[in-house]
Amino acid sequence: MIVNQTKENPLFIGIDGGGSKCRATIYSAEDGVIGTGVAGRANPLHGLSQTFESIQLSTELALKDAGMTIGDSKDLVAGLGLAGVNVPRLYQDIVNWEHPFADMYVTSDLHTACIGAHKGGEGAVIITGTGSCGYANVEGKFISLGGHGFALGDKGSGAWLGLKAAEQSLLHLDGFAEKTILTEKLLNHFKVNDALGIVENLAGKSSSVYAKLARIVLECANQQDEVAQAIVKEGAAYISELARKLFEINPPRFSMIGGLAEPLAPWLDKDVVTKLSPTLAPPELGATYFARQQFGGKAS
């Protein structure tokens, strides 16, 4: 190992868990990356056991990447930013977990994303990935919107785009909706020939499965398919309005993160795009900042 750690000055690991993946990064005191690892989704709304498994696996991979052993996790202080922990019951389930760390501090992925995006400063952030949500923190005031999970919310997200594409394709195949190239694209994607083939591949599946269709929706929209364009425009209009609600407390910076942040930007309203600033650091570093603050408060 190329790091020195003590109980007074431990190493910190930041963990960002969402609907598609869980990323863990071990940082030095100077915010340098020592090791990182990626595992499957870690959203307790979709199962606690999988969430814990993904946290542990991503941590083990980060430790391995850092040249450390799995047993070294007991010397790490962890900051966890997880989707779904805005639900009090799930937050308590995570907090009560017999975790492998020296200490563990839990908050929402929105919170840690905002801290990271503005490198510890105040601001607003919208996550547009598998799900969608917004958060702003300014002078003690905060706004947290969305993040209600698929399929109750997450409008404008990858999962929502995929769901709408499947709905329109099935309506088209049954003769209730106008023709769209989404239908052919989805049939080819799943390697099936009819509506039941699409249903068989999607019925009861997770948000991450639907989110994989978002790329197809955006491709079709860019090819001037009117049905795909209508879906993307509706989702983008929601994201634009979400941003405006965050702007009500005048955040000094505004960023968007997630797999759809870049491809969705051209579809957003101009007044929102003009306020966009680049993210300064990833959510894992935001989770580390959060853990350092909580650990420092506990020590004092």
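Glu241, Arg244, Asp269 and Asp271 are tied together in a network of salt bridges, a salt bridge being a side-chain nitrogen of Lys or Arg within 4 Å of a carboxyl oxygen of Asp or Glu. Nine salt bridges are found in the structure. This is a predicted model, in which local features need pLDDT of at least 70 and side-chain atom pairs count only at pLDDT 80 or more, while totals for chains, interfaces and linings use all residues. Residues are numbered from 1 along each chain as its sequence is written, and side-chain values use heavy atoms, with hydrogens and water left out. Helices (H or I, at least four residues) and strands (E, at least two) are DSSP runs, numbered from the N terminus.

**Salt bridges**

- Side chains of opposite charge can pair when their charged atoms come close.
- Asp93 and Arg89 sit four residues apart in helix α2 (residues 88-95), so about one helical turn separates them.
- Here accessibility is sorted by relative accessible area: buried means under 20%, exposed over 50%, and partly exposed in between (1.4 Å probe, protein chains only).
- On that scale Arg89 is exposed at 56%, and Asp93 is partly exposed at 28%.
- Arg215 and Glu219 also meet in a salt bridge, at 2.9 Å from N to O.
- Both residues belong to helix α8 (residues 214-222) and lie four residues apart, about one turn of the helix.
- Arg215 counts as partly exposed, with 48% relative accessibility, and Glu219 is likewise partly exposed, at 31%.
- Lys155 and Glu234 form a salt bridge whose closest N and O atoms are 3.1 Å apart.
- This pair links distant parts of the chain, 79 residues apart: Lys155 is in the loop between β8 and α4 (158-173), and Glu234 is in helix α9 (residues 226-246).
- Lys155 is partly exposed at 28% relative accessibility, and Glu234 is partly exposed with a relative accessible area of 39%.

**The five-stranded sheet**

- Five strands make up an open sheet with mixed pairing, in the order β3-β2-β1-β4-β5; two strands pair if DSSP finds at least two bridges between them.
- The edges are held by β3 (33-39) and β5 (103-108), each of which has a single partner strand, so one side of each is left without a neighbour in the sheet.
- On average, neighbouring strands of this sheet are turned by 15° against each other, direction ignored.
- Strands β4 (residues 76-82) and β5 run parallel and are joined by six bridges.
- Gly79 has Tyr105 as its bridge partner in β5.
- Helix α1 (residues 48-65) lies across β1 (11-17), β2 (22-27), β3 and β4, at about 145° to β3. Axes are lines fitted to C-alpha atoms, for helices over the stretch in contact, and angles run from 0 to 180 degrees between N-to-C directions; contact means heavy atoms within 4.5 Å.
- Helix α3 (residues 109-117) lies across β1, β4 and β5, running at about 95° to β5.

**The four-stranded sheet**

- Four strands form an open sheet, again with mixed pairing, in the order β8-β7-β6-β9.
- At the edges stand β8 and β9 (254-257), each with a single partner strand, so one side of each has no neighbour in the sheet.
- From one strand to the next, the twist averages 10°.
- Strand β7 (residues 132-138) runs antiparallel to strand β8 (residues 141-146), with six bridges joining them.
- Cys133 has Gly146 as its bridge partner in β8, and Asn137 stands opposite Phe142 in β8.
- The hairpin of β7 and β8 has two residues between the strands, and Glu139 takes a positive phi near 50° there.
- Helix α3 lies across this sheet too, covering β6 (123-128), β7, β8 and β9 at about 120° to β6.

**Helix packing**

- The axes of helix α5 (residues 181-190) and helix α6 (residues 195-202) come within 10 Å and cross at roughly 60°.
- That angle makes α5 oblique to α6, since angles under 35 degrees count as roughly parallel, over 145 as roughly antiparallel, 65 to 115 as roughly perpendicular and the rest as oblique.
- Leu186, Leu187 and Phe190 of α5 make the contact with Ile198, Asn201 and Leu202 of α6.
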